[in-house]
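Open the model in your viewer and keep the sequence panel beside it. The stops below say what to select next and what is there.

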Amino acid sequence: MTPELLRVKPSADGWDLAFHLTHIQGTRVYWLRMASELKYEELADFFDWEKGEFIREYDLEKIRTALKSSEEAVSAWLSENLNEEGAAGPYDHPLLYLQHMIWHEGWHAGLIMLGLRLAGHEPPEEWEDPNLWGQWRNYG
């Protein structure tokens, strides 16, 4: 991803890649706060609460930093709560928060990859394996 590619769209009427990334961040953080009983207020959410809308951020480093911080927060929260019984905010179990995020982020990841492909910047398989699919595999 480069700053120039943040303005690429997977379709003429679709969101640009910056909005996909900031929407991932905002959704991840919002539902983490709901599941954790409003903890994690320090995480960037790229949401204008007064206007009730997501904010497109075009500073790639700011996006990367925010996504890394929320990734760490989600991982820590799940490590602490995944084996707990019962509800986590609006979820019947913490695992359902994880499932929600996997579905949500997978949808965005597909559109981001499509946008990159249409712009002539599809990531090579050598990048995809360790950075996408390798996250789900145990290579020993």
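Start by selecting Arg33, which is found in helix α1; helices (H or I, at least four residues) and strands (E, at least two) are DSSP runs, numbered from the N terminus. This is a predicted model, in which local features need pLDDT of at least 70 and side-chain atom pairs count only at pLDDT 80 or more, while totals for chains, interfaces and linings use all residues. Residues are numbered from 1 along each chain as its sequence is written, and side-chain values use heavy atoms, with hydrogens and water left out.

Arg33 has a relative accessibility of 6% and counts as buried (buried means under 20% relative accessible area, exposed over 50%, partly exposed in between, with a 1.4 Å probe and protein chains only). Show what surrounds Arg33: not counting residues up to four places away in sequence, Arg33 touches Leu38, Lys39, Tyr40, Glu41, Leu43 and Asp45 (contact means heavy atoms within 4.5 Å).

Next, check backbone torsions. Most residues other than glycine have a negative phi, and most peptide bonds are trans. Glu37, which follows α1, has a positive phi near 60°. Leu38, not a glycine either, has a positive phi of about 70°; Leu38 is placed in the loop between α1 and β1 (47-48). Move along to Phe46, which lies in the loop between α1 and β1. Phi of Phe46 is positive too, near 50°, and Phe46 counts as buried at 8% relative accessibility.

**Helix α1**

Now select residues 17-35, helix α1. How far apart are its end C-alpha atoms? They are 27 Å apart, which agrees with the 27 Å that 19 residues should span at 1.5 Å a residue (the expected span is 1.5 Å times one less than the number of residues). Colour α1 by accessibility: 16 of its 19 residues are buried, so the helix is mostly covered.

Within α1, pick Leu21. Leu21 counts as buried, at 12% relative accessibility. Residues up to four places away in sequence aside, Leu21 touches Met1, Leu6, Ile63, Leu67 and Ile112. Draw a C-alpha to C-alpha distance from Leu21 to Leu60: the two are 9.7 Å apart in space and 39 residues apart in sequence.

Two packed helices are described by the angle between their axes and the distance between the axes. Axes here are lines fitted to C-alpha atoms, for helices over the stretch in contact, and angles run from 0 to 180 degrees between N-to-C directions. α1 and α2 pack at about 30°, with their axes 10 Å apart. That makes α1 roughly parallel to α2 (angles under 35 degrees count as roughly parallel, over 145 as roughly antiparallel, 65 to 115 as roughly perpendicular and the rest as oblique). Their crossing is left-handed, that is, the near helix is turned anticlockwise from the far one by less than a right angle; clockwise would be right-handed.

To display this contact, select Leu21, Thr22, Ile24, Gln25, Arg28, Val29, Leu32 and Ala35 in α1, which meet Ile63, Ala66, Leu67, Ser70, Glu71, Ala73, Val74 and Trp77 in α2. By class, the contact of α1 with α2 has eleven nonpolar, three polar and two charged residues (Ala, Val, Leu, Ile, Met, Phe, Trp, Tyr, Cys and Pro count as nonpolar, Asp, Glu, Lys and Arg as charged, and the others, Gly among them, as polar).

**α1 against α3**

The axes of α1 and α3 cross at roughly 175° and come within 10 Å. That makes α1 roughly antiparallel to α3. Residues making the contact include His20, His23, Arg28 and Trp31 of α1, and His100, His104, Glu105 and Trp107 of α3. By class, the contact of α1 with α3 has twelve nonpolar, seven polar and two charged residues.

**α2 against α3, and Pro94**

Hide α1 and look at the remaining pair. α2 passes α3 in a left-handed crossing. Val74, Trp77, Leu78 and Asn81 in α2 meet Pro94, Tyr97 and Leu98 in α3. By class, this contact has six nonpolar, one polar and no charged residues.

Finish at Pro94 in helix α3. Is Pro94 buried or exposed? Pro94 is buried, with a relative accessible area of 2%. Beyond its neighbours within four places in sequence, Pro94 is in contact with Trp77, Leu78, Asn81, Leu82, Glu84, Gly86 and Ala88.
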